[in-house]
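Look at the charged side chains in the model below. Which of them pair up, and where do they sit?

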Amino acid sequence: MVAKTTASAIQKENFKTKFAEIIKNNKNLKDQYSIQFFETAQKSNYAFTGRDGKSLNILSSLTLEETEKYKVLKSSWQN
């Protein structure tokens with residue numbers, strides 16, 4: 001049985017802050033998204049939503065450098 005890993009409120013806020021730092025110079029994303037956190041059977045997860053309320057694929061808007069930083073954040077935000 002896999003133990004459930006739920007992110008704390010601090011981890012969620014840190015994720016938001018670090019993601020905002022990654023995209024601070026990205027005109028396509030800056031101030032154009034929101035992050036919703038939710039719980040699955042095994043862990044906490046998140047989704048990006050655009051200002052229009054629709055799901056947002058952020059990877060297509062990230063530069064190569066931003067993508068690398070996001071990958072690190074994505075793999076370590078609950079640690």
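Which residue forms a salt bridge with Glu65? The partner is Lys69, and the closest N and O atoms are 3.2 Å apart. This is a predicted model. Both residues lie in helix α2. They are four residues apart, about one turn of the helix.

Glu65 is exposed, because its relative accessible area is 55% and the cut-off for exposed is over 50%. Lys69 has 44% relative accessibility, so Lys69 counts as partly exposed.

## Other salt bridges

The structure holds five salt bridges. One of them joins Glu39 to Lys12, with the closest N and O atoms 3.2 Å apart. Glu39 lies in strand β1 (residues 33–39) and Lys12 in helix α1, so this pair ties together parts that are 27 residues apart in sequence. Glu39 is partly exposed, at 35% relative accessibility.

Glu21 and Lys24 also meet in a salt bridge, at 2.8 Å from N to O. Glu21 is partly exposed at 47% relative accessibility. Lys24 is partly exposed too, at 41%.

## A buried glutamate

Is Glu66 buried or exposed? Glu66 is buried, yet has no salt bridge. The nearest side chain of opposite charge is Lys69, 7.9 Å away. A salt bridge needs the atoms within 4 Å.

Glu66 is in helix α2 (residues 64–76). Its side chain makes a polar contact with the side chain of Asn26, at 2.9 Å. Beyond its neighbours within four places in sequence, Glu66 is in contact with Ile22, Ile23, Asn26 and Ser61.

Conventions:
Residues numbered from 1 in each chain as written. Predicted model: local features only at pLDDT ≥ 70, side-chain atom pairs only at ≥ 80, totals over all residues. Heavy atoms only, no water. Helix = DSSP H or I, 4+ residues; strand = E, 2+ residues; numbered from the N terminus. Buried < 20%, exposed > 50% of the residue type's maximum accessible area, 1.4 Å probe, protein only. Lys, Arg positive; Asp, Glu negative; His and termini not counted. Polar contact = N/O pair within 3.5 Å; in protein donor to acceptor, adjacent residues only side chain to side chain. Contact = heavy atoms within 4.5 Å.
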